[in-house]
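User: I am new to this structure and would like to learn how to read its features. Could you take me through them one at a time?

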Amino acid sequence: MMATRLARHHSPACQGRPAGPAWPGRPPSTIGSVVLVLAVSDEVDNALYADVGAVREARLIVACGDLPFDYLGYLMNALDIPLVFVPGNHDPDVSGYRTSRTGLTLQAGLPTRPPWPAGAVNADRAVVDVADLRIAGLGGSRRYRDGPNQYTPREQARRARSLARRARWRKLRDGRGVDVLLTHAPPRGVGDREDPPHQGFEALNWLAGRLRPPLLLHGHIHPDDKPTRVHRLGPTVVRNVVGRHLLDIEPGAGARRSPAGAPHAS
């Protein structure tokens with residue numbers, strides 16, 4: 001299915017932060033500059049296989065799950081930019097992998113090749129700094145059948161608390177909050193549906209209230225050619241990025257948020 005939706009989001013202005021690590025083939029970013037992000041999820045855009053010119057200026061790809069890893073690898077290599085992803089319920093099992101201090105990917109303590117594209121970053125239950133942005137990720141959908149990357153509400157709540165602790169530790173260390181919360185499923189009652197596979201997680205409502213990121217990006221809910229609404233959870237803009245979207249995101253906006261406060265509900 002070809003998806004050609006193209007949209008932009010402008011996050012609130014904020015003070016600049018030091019540039020992140022350089023990426024081969026790209027000049028260093030300007031402190032405080034807006035980052036043009038290509039957000040993709042669930043639907044392969046066949047037009048990009050023919051020509052990536054429409055998204056050539058993107059500096060980062062974020063993927064919200066349920067896309068072939070070959071497609072993600074193609075985008076990353078064609079644009080020569082970093083890619084951060086969280087897994088969806090139709091993706092292979094990506095649990096059990098970790099990155100050593102020397103940069104090797106390990107599984108059960110042994111060097112291995114992960115199933116995702118070489119150089120891509122799995123942000124599931126992790127906080128990563130890339131292209132000047134701080135991204136926290138929590139993949140997966142509600143459990144509705146046997147298979148990987150599916151969780152009961154209680155399991156996802158436990159994973160959300162673990163991610164919140166990681167984000168809090170990072171903020172205590174450098175004073176910087178999360179710019180983007182990257183998920184596969186939406187928060188409960190915020191653009192989700194009532195059938196069990198497509199219900200959102202209340203844990204994501206809590207997590208958004210805890211981290212207070214300017215932006216939450218998710219997939220999983222196919223709009224069926226209908227315009228998607230932009231929702232809000234307190235200060236957080238919640239956006240469905242099924243297909244492809246170009247987003248302008250200003251780094252460091254998460255640092256302006258107050259320390260973790262009371263969770264927000266939808």
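User: Which strands does helix α4 lie across?

Analyst: This is a predicted model. In it, helix α4 (residues 202–211) lies across β9, β12, β13 (215–218), β14 and β15 (236–240). The helix runs at about 165° to β12.

User: Where does helix α3 lie, and at what angle to β9?

Analyst: Helix α3 (residues 153–174) lies across β8, β9 and β12. Its direction is at about 160° to that of β9.

User: What is the order of the strands in the open sheet of six?

Analyst: Strands of a sheet pair through backbone hydrogen bonds, either parallel or antiparallel. Here the order is β8-β9-β12-β13-β15-β14, and the pairing is mixed. β8 (126–130) and β14 stand at the edges; each has a single partner strand, so one side of each has no neighbour in the sheet. Ignoring direction, neighbouring strands of this sheet are turned by 25° against each other on average.

User: How many bridges join β9 to β12?

Analyst: Four bridges join β9 (residues 133–138) to β12 (residues 180–183), and the two strands run parallel.

User: Is H231 buried or exposed?

Analyst: A residue counts as buried when its relative accessible area is under 20%. H231 has 17%, so it is buried. This residue is found in strand β14 (residues 231–233). Beyond its neighbours within four places in sequence, H231 is in contact with V190, G191, T236, V237 and V238.

User: What is the strand order in the open sheet of five strands?

Analyst: That order is β7-β3-β2-β1-β16, again with mixed pairing. The edge strands are β7 (121–122) and β16 (243–249), each of which pairs on one side only. Helix α2 packs on this sheet and touches β1, β2 and β3, with its direction making about 170° with that of β2. Within the sheet, β1 and β2 pair in the parallel sense over four bridges, and V37 has L60 in β2 as its bridge partner.

User: Which residues of helix α2 are buried, and what do they pack against?

Analyst: In α2 (residues 69–79), the buried residues are F69, Y71, L72, G73, L75, M76 and L79. They pack against β1 (35–41), α1 (46–50), β2 (60–63) and β3 (83–85). After the helix comes D80, which has a positive phi, near 60°.

User: How many salt bridges are there in the whole structure?

Analyst: A search of the whole structure finds nine. One of them joins D132 and R59, with the closest N and O atoms 3.6 Å apart. D132 lies in the loop between β8 and β9, and R59 in the loop between α1 and β2, so the pair ties together parts that are 73 residues apart in sequence. D132 is buried, at 5% relative accessibility, while R59 is partly exposed at 23%.

User: Which side chain meets R188 in a salt bridge?

Analyst: It is that of E194, at 3.0 Å from N to O. E194 is exposed, with 55% relative accessibility.

Definitions and conventions: Residues numbered from 1 in each chain as written. Predicted model: local features only at pLDDT ≥ 70, side-chain atom pairs only at ≥ 80, totals over all residues. Heavy atoms only, no water. Buried < 20%, exposed > 50% of the residue type's maximum accessible area, 1.4 Å probe, protein only. Contact = heavy atoms within 4.5 Å. Pairing = 2+ DSSP bridges. Axes fitted to C-alpha atoms, helices over the stretch in contact; angles between N-to-C directions. Salt bridge = Lys/Arg side-chain N within 4 Å of Asp/Glu carboxyl O.
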